[in-house]
2 protein chains.
Amino acid sequence: MNIPMKPELEQILLSRKIQPTAMRLLVLEELSRVNMAVSLNELEASFDKADRVTLYRSLKTFRKHKLVHSIEDGSGSLKYALCEEDCECKPEELHAHFHCNKCNATFCLKDYHLPVSGLPRRFVLEEMNLVLKGLCDACSA
Amino acid sequence: MNIPMKPELEQILLSRKIQPTAMRLLVLEELSRVNMAVSLNELEASFDKADRVTLYRSLKTFRKHKLVHSIEDGSGSLKYALCEEDCECKPEELHAHFHCNKCNATFCLKDYHLPVSGLPRRFVLEEMNLVLKGLCDACSA
DNA sequence: TGTACTTTGCAACCCGGTTGCAGTTCTTGT
DNA sequence: ACAAGAACTGCAACCGGGTTGCAAAGTACA
């Protein structure tokens, strides 16, 4: 009873050592499709019959295996976006995100780079979370 | 840090057009004392008998009048810190924060300013939230 | 002092995130 | 192919931060 699977998606999961179940393939497909950071709720809404907890655990697994990164954009819910292919989620690899205060969308600003220097002595940097907020192009008209 | 005395605290509130009630004076005093970004829970814990909602509303009022700014440090709860004297919370005035993954403390990095350029066309910047995470000086030993 | 407005405290609610557990599906060794 | 064990899924329920409604207490001011 093999469900027809998109081989390329399956390959992505396998390359991250994630067991490619039907649910996970659907989640990965949806994340690729929207090309944006989405919350658990938004993800749930894009499926007809998906259990919230299963989606939650899928994302958790993805994050653990560095297939997605999570962003706290201040909307009240964590959002998730696909990592670049070779991403290991180190500080130098992190990029900024833009959160639209009107439509609540969150974009990855892959070209917005951050200064990683200027920390006080003996502070050790492990991660960063930069969110710019305002109006996106569609909402600023 | 220099902790202002009662009359000065009252003056601070008045200058921000906030009615100086007993509760608000206590909250402001505590915020000055700790000199750090604190969550609602932490604030509540530093008083013997204080209603959570009252503290919440005090902070909300403070924020509305730009006496405090709030930071989403990813700890799961919003944190609040006193603004500089003439702060109007515009993007150019915002500074970064450092969140310690070990002791959960959050510091204002008042000298760490952010580039406000590099946004895609027609994106309008209103606020920013930059949190560096890692180990603070006390925890990195 | 009386009246209108503001603040406070309590209870209760909402919602995102999370866990426990039982049933199902998948992997692995034979 | 099959059984045993591991991993995954779905449901219910819990947790904790944030928030609101409302009545009581406090405050401003004529």
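Helices (H or I, at least four residues) and strands (E, at least two) are DSSP runs, numbered from the N terminus. The model is predicted: local features need pLDDT of at least 70, side-chain atom pairs count only at pLDDT 80 or more, and totals for chains, interfaces and linings use all residues. Residues are numbered from 1 along each chain as its sequence is written, chains are lettered from A and ligands numbered from 1 in the order in which they are written, and side-chain values use heavy atoms, with hydrogens and water left out.

The C-alpha trace of chain A spans about 55 × 40 × 25 Å along its principal axes. Of the 141 residues in chain A, 41% are buried. Buried means under 20% relative accessible area, exposed means over 50%, and partly exposed lies in between (1.4 Å probe, protein chains only). The areas come from the Shrake-Rupley method, and for residues only the protein chains shown count as cover. His95(A) is placed in the loop between β3 and β4 of chain A. This histidine, His95(A), counts as buried, at 12% relative accessibility. From His95(A) to Asn129(A) the C-alpha distance is 8.2 Å, although 34 residues separate the two in sequence.

Salt bridges were examined next. A salt bridge is a side-chain nitrogen of Lys or Arg within 4 Å of a carboxyl oxygen of Asp or Glu. Side chains of opposite charge can pair when their charged atoms come close. Over all chains, a search of the whole structure finds 14 salt bridges. One of them joins Lys79(A) and Glu42(A), at 3.9 Å from N to O. Lys79(A) belongs to strand β3 of chain A and Glu42(A) to helix α3 (residues 40-45) of chain A, so the pair ties together parts that are 37 residues apart in sequence. Lys79(A) is buried, with 1% relative accessibility. Glu42(A) is partly exposed, at 33%.

Glu44(A) and Arg52(A) form another salt bridge, with 3.6 Å from N to O. Both count as partly exposed: Glu44(A) has 25% relative accessibility, and Arg52(A) has a relative accessible area of 38%.

In the salt bridge between Lys110(A) and Glu84(A), the closest N and O atoms are 3.1 Å apart. This pair links distant parts of the chain, 26 residues apart. Lys110(A) sits in the loop between β5 (106-109) and β6 (124-135) of chain A, and Glu84(A) in the loop between β3 and β4 of chain A. Lys110(A) is partly exposed, with a relative accessible area of 35%. Glu84(A) is also partly exposed, with 46%. Elsewhere, salt bridges that share partners join Glu42(A), Asp73(A) and Lys79(A) into one network.

Charged patches also mark the surface. Patches are made of residues with over 30% relative accessible area and no salt bridge; like charges are joined within 9 Å, and nonpolar side chains (Val, Leu, Ile, Met, Phe, Trp, Tyr) within 5 Å. Lys and Arg count as positive and Asp and Glu as negative, while His and the chain ends are not counted. The place of a charge is NZ of Lys, CZ of Arg, CG of Asp or CD of Glu. A positive surface patch gathers Arg57(A), Lys60(A), Arg63(A) and Lys64(A). Lys60(A) is part of helix α4 (residues 52-64) of chain A. Its relative accessible area is 45%, and Lys60(A) is partly exposed. Glu85(A), Asp86(A), Glu92(A) and Glu93(A) form a negative surface patch. Glu92(A) lies in the loop between β3 (79-82) and β4 (96-100) of chain A. Glu92(A) counts as exposed, at 56% relative accessibility.

In chain B, three strands form an open sheet in the order β1-β3-β2, with antiparallel pairing. The edge strands, β1 (38-39) and β2 (68-71) of chain B, each pair on one side only. Two strands pair if DSSP finds at least two bridges between them. Four antiparallel bridges connect β2(B) with strand β3 (residues 79-82) of chain B. Ile71(B) is opposite Lys79(B) in β3(B).

Strands β4 (residues 95-100) and β5 (residues 106-113) of chain B pair in the antiparallel sense over five bridges. His97(B) has Cys108(B) in β5(B) as its bridge partner. β4(B) and β5(B) form a hairpin with five residues between them. In the turn, Asn104(B) has a positive phi of about 70°.

Technical notes. Accessible areas come from the Shrake-Rupley method with a 1.4 Å probe; for residues, only the protein chains shown count as cover.
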